[in-house]
Amino acid sequence: MRPQPFLLTDTAFAALGAGRPDSDTLDTLRRAQLSRTLLLLREIRRRLPHTPAWYSRLTTAAPDEANRLIADPMTALWAAQALRAGNEATNHDLPQPGLPLTATAQDQILGVRVEDSSSVRHGLGLPPSAPLTTAERDHWQRCLDGAWQILASRHRPAAEMLAAVLKVIVPVRPDPAAEGISATSSEAFGAVAMSSPAGPAALAVGLLHETQHSVLNATNLLFDLVRPGGGPGYSPWRDDPRPASGVLHGTYAYLAVTRFWRTERTAGGGSGRAAEFEFARWRVAVAEAAELLIGGGELTEAGARFVAALLDEVRPWLAEPVEPEIERLATLARTDHRLRWRLRNLTVAPDDTAELAAAWRAGRPAPAVTSVLAPGTGRALENSPRLRLVRSLVKGQDAGQDEFAADGDAACVRGDDGAALRAYEMGLEKERDHDLTWAGLALVSPRPALRSRPEVVKAAAMAAPEAPVDALADWLSG
Amino acid sequence: MDAGQDGGGTPEEWRSVMIDISGATLAELVEEDTSALAHALRRVTDELDRQGEPIAGFNSAI
């Protein structure tokens, strides 16, 4: 046996980076994953003194059937878990297949399995749900039918990719902090963990998002795209700091999400303004994240080529006209996220904070201080009451009618910056240690220090509680 | 690893650091003992050892 490396032409590699892999490239990724699982199974077998039942099954099956079993994402997940766990687990049989679900639209078929009882399903990283009831299974089937209708009729290339990659859905418990959660593991190409979908469009975009992760995981097996060792930084889709490899994953997944909404906003499917908002919000986030990756110096040669192709794909979308009010709300949502991220994850060292307070009290100019990452804040999904108000407004609902909305937030989202400013300043007079209010203030304040480094203004305000916030922000903006 | 390229501009072809053994049977591979297989296995098991958090976090609210 003289095994050869996998080869991709530069054209195919760039199309992969642009999120448009052709069928030959997808076949390459599938063969790479099959090779990966074969290596894991070989290693497990070589460590055992006897022949386990799973090995006999795989080696006596017809070649196509053996390959089908070995290429299954749950087999790959089982093999990874068994190898990590050791001897006892390697004797267990392969996981039993779950419930088949099929959707057909526009002569395109999507066949998946819902794995709601497999013993290895927790390996996708999110707490799995209990086995589905009949009503829950019917809900998944209805959502899958609707999602597939949307994808097959309006997103044909994405639908073809999904049909080629997606094999398994693992239902997971909902996250109270999120409105819908999903995950992918590099150990199970073609498997997606997902909470019960809100509806067909949410399922469609969720599956596209997660399938992109699977495709990037498979690409990472073939090519190192990011050099190891870099520190974490800003990611527009997470509230916690992420390494460059994580930012690349998000950028690639949101490229597909952005493309989905770009098509949906003109599709007349009833989600026009919401689709326009999502498109306007994510096109800039994807482009900016790609530019930061390229400028960050952590990409390999292959990674730089991959991300350049990604950026080439999204850049023309930035010039496409969007309704001004939607653009305003999209910019607000992006800026709000960046400000909240800074307040959550960046801090000022105690010595620098003390120096700020001393300089303020002595009437000296503000000293230069550097923001640093706050220790271990953990994984966090985006969760913002202002974003919920923005989405309500996009749908045509009056943000001021939300009885749970803070006055500042309702005014901010309406575009009444003066009223929002007053409300946020009053809020901070009552409670200074409240990041959402600081981020709201920074959104509507004319003071540059609040926009660029809200965490520094907050640190100074906490250290000098007698100082008016607006005066401190002016001092730090000078 | 930069895909084993020769350097000097964008290559016409990207060569993976992973080998293609998809045409072999599991039984054949169990009997085989080559440095290429050992190297490929290390790449795969290194990834297992690095197992961190899943790629998670899509908030599909619309």
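A: Between them, chain B and chain A bury about 5,500 Å², with 60% of this on carbon and sulfur atoms; buried area is the accessible area (1.4 Å probe) that two parts lose on being put together, summed over both. This is a predicted model, in which local features need pLDDT of at least 70 and side-chain atom pairs count only at pLDDT 80 or more, while totals for chains, interfaces and linings use all residues. Residues are numbered from 1 along each chain as its sequence is written, chains are lettered from A and ligands numbered from 1 in the order in which they are written, and side-chain values use heavy atoms, with hydrogens and water left out.

Chain A gives 73 residues to the contact and chain B gives 45, where contact means heavy atoms within 4.5 Å. Four salt bridges are counted between chain B and chain A, a salt bridge being a side-chain nitrogen of Lys or Arg within 4 Å of a carboxyl oxygen of Asp or Glu. In a salt bridge between side chains, B:R43 meets A:D224 at 2.9 Å, N to O. Across the interface of chain B and chain A there are also 17 residue pairs in polar contact, both residues at pLDDT 80 or more. A polar contact is a pair of N or O atoms within 3.5 Å; within protein, one must be able to donate a hydrogen and the other to accept it, and residues adjacent in sequence count only if both atoms are side-chain atoms.

On the side of chain B that touches chain A, at least two residues each come from β1 (13-20), α1 (26-31), α2 (35-49) and β2 (55-56) of chain B. These elements are DSSP runs numbered from the N terminus: helices (H or I, at least four residues) and strands (E, at least two). α2(B) supplies the largest share of that side, nine residues. By residue class, the side of chain B that touches chain A holds 25 nonpolar, 10 polar and 10 charged residues. Here Ala, Val, Leu, Ile, Met, Phe, Trp, Tyr, Cys and Pro count as nonpolar, Asp, Glu, Lys and Arg as charged, and the others, Gly among them, as polar.

B:R15 in β1(B) is the bridge partner of A:L7.

As to confidence, the model scores ipTM 0.87 and pTM 0.94. Chain B has a mean pLDDT (the predictor's confidence in each residue, from 0 to 100) of 80, and 68% of its residues reach 70 or more. Within chain B, α1(B) has the highest confidence, at a mean of 96, and β2(B) the lowest, at 60.

How values were computed: Pairing = 2+ DSSP bridges.
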